[in-house]
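Subject: Structure handover

Hello,

I am passing a structure on to you.

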Amino acid sequence: DDGIDCTRDTCGSNGECIHTSVCDDGDPCTTDTCGANGQCSYAYFCDDSNPCTADTCSLGVCLYTQTCSVTRSWGTSTVSLGEGATTFLNTPTNIPSLPYTTKNFTSIQAGKFHAIALAVDGTFWGTGANDNYQLSNGTGSTSVFVPINGLPTGRVVVSFSVGESFTVILYQGVAGSPNELYVFGCNIKNQLGVGLSIPNVVYPTKLDYNFRTSVSGTTYDAIGVTAGRYHTIVLNQVTLFGIGSNQNNQIGVPNLPSSITNPVAIIPISLFPGEFFTSVSAGYRGTLAATSAQRAFGFGANIDNELGLATIPVQTPTLLNPLDTYGNTAPVAQVALGKSTGFLLTPSGDVFGVGSNTYGQLGAPTRPTWGILNFPSNITGISAGEQLTVWWGTNNVFYSGQYTAGSYTTSFTPVPLFVDGNYTFLSSGAGFSNAFFVSIP
């Protein structure tokens, strides 16, 4: 008897004393200790105190797996890659100014010369030009991501979008009140809805407008917002609201002035009973919309056939007719519109494209009508920029246009950025000739 409560005392075959710890659970991944009165405790020692890793142990070896997202950028830009002084990135590169080791980012969008990222905690971060206060708060342009100040805290973000030089964020209303749109940045065409007398909105400002619609006793609130060059579209399930320039018919309402002086115009699209809007994209000078009936509409300039319609311009919302290989109208789940290209995504992950391929942004030869694009795997999201496009699926990202990964020249067909299938892609953003995506890891 060694007088220690934490040992089991026995005598061996040769009369020798054997003192064995009673607090050994046989698990090499725990630290075994014995306290007063022989009370055992077992502490798991693979804890790196990092909220963005999953800590596991195998045969006594600690493994730390990244669970928070990583945001990467590539392309060319003087300020909006978020990489400090870097002006060109040939391949997607982690953005050090977005603290992915301690903060989880879910989404990113890019304007012409700025980008905005959303974190899980509801904070927004921005990089790039701030000449029109598209990053808010008058801090000047920045080549790294910085927090966007002056926004509501503790609120649910419903949707956000980045226009050419402005930013719009849709928040859930307080205590049952209507959802609220906050705006900041360039307003020279009243794309922020605060009036033409205000050229720039310096700080995040709530737009005083109720985007709710009541139909047959049911009230529908705003569920999304999308920003183009000089116009903004807000949608609830049964109504599209247009704000800003109608110079190229991108609001889709005939006989309106080139810039809408009233905050909002209701866009005339007739829905079937029980049909709802599901996806809307405001492009450089036009708009695409998709519905729950898997129909798609387009309206706007159509200068480069980016709407796939015969008329120039398309003054009112017009039904699109993408034909599959059997000559049938393809169903549409999502839409994306750039400056000179348009894309329709089917529920099965096929992509139809139309418009110009001058910089490779279409990923196929220039075409005036909707045609299917060839990808080796299904696509789940599209970001259409000015000179480039990003397509992404669950395990891969494809990129076509100005400054493609792995080459300093333009690529006219989609190039896969990752081929090992070990990534989960969450979001992407395409700007002028730069791009971003969020993935795990």
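Predicted model: local features only at pLDDT ≥ 70, side-chain atom pairs only at ≥ 80, totals over all residues.

Residues are numbered from 1 along each chain as its sequence is written, and side-chain values use heavy atoms, with hydrogens and water left out.

**Whole protein**

The protein has 36 strands and zero helices. Both are DSSP runs numbered from the N terminus: helices are H or I with at least four residues, strands are E with at least two. The C-alpha trace spans about 105 × 50 × 50 Å along its principal axes. Of the 441 residues, 52% are buried. Buried means under 20% relative accessible area, exposed means over 50%, and partly exposed lies in between (1.4 Å probe, protein chains only).

Contact means heavy atoms within 4.5 Å. Among contacts with a separation of 6 or more, 46% come from residues 24 or more positions apart. The accessible surface is about 18400 Å², and carbon and sulfur atoms hold 51% of that. Those areas come from the Shrake-Rupley method with a 1.4 Å probe.

**Two open sheets**

Strands of a sheet pair through backbone hydrogen bonds, either parallel or antiparallel. Here two strands pair if DSSP finds at least two bridges between them.

Angles run from 0 to 180 degrees between N-to-C directions, with axes as lines fitted to C-alpha atoms. Strand 7 (residues 70–76) and strand 36 (residues 434–440) run antiparallel, joined by six bridges. Val-70 stands opposite Ser-439 in strand 36.

Another open sheet also has four strands, in the order 27-28-29-30, with antiparallel pairing. Its edge strands are strand 27 (334–337) and strand 30 (367–373), and each pairs on one side only. Here too, the twist averages 15° from one strand to the next. Strand 29 (residues 351–355) pairs with strand 30 over four bridges, in the antiparallel sense. Val-351 is opposite Leu-373 in strand 30.

How many of the five residues of strand 33 are buried? Five of the five, so strand 33 (residues 397–401) is largely enclosed by the rest of the structure. Both faces are covered. Val-397, Tyr-399 and Gly-401 are buried on one side, Phe-398 and Ser-400 on the other.

Strand 32 (residues 388–392) runs antiparallel to strand 33, with five bridges between them. A hairpin of four residues joins the two. Trp-392 stands opposite Val-397. On to strand 34 (residues 411–416): three bridges join it to strand 33, again antiparallel. Tyr-399 has Val-415 of strand 34 as its bridge partner.

**A loop residue**

Gln-402 lies in the loop between strand 33 and strand 34. Is Gln-402 buried or exposed? Gln-402 is buried, with a relative accessible area of 17%. Neighbours within four places in sequence aside, Gln-402 is in contact with Tyr-359, Gln-387, Leu-388, Thr-410 and Ser-433.

Best wishes
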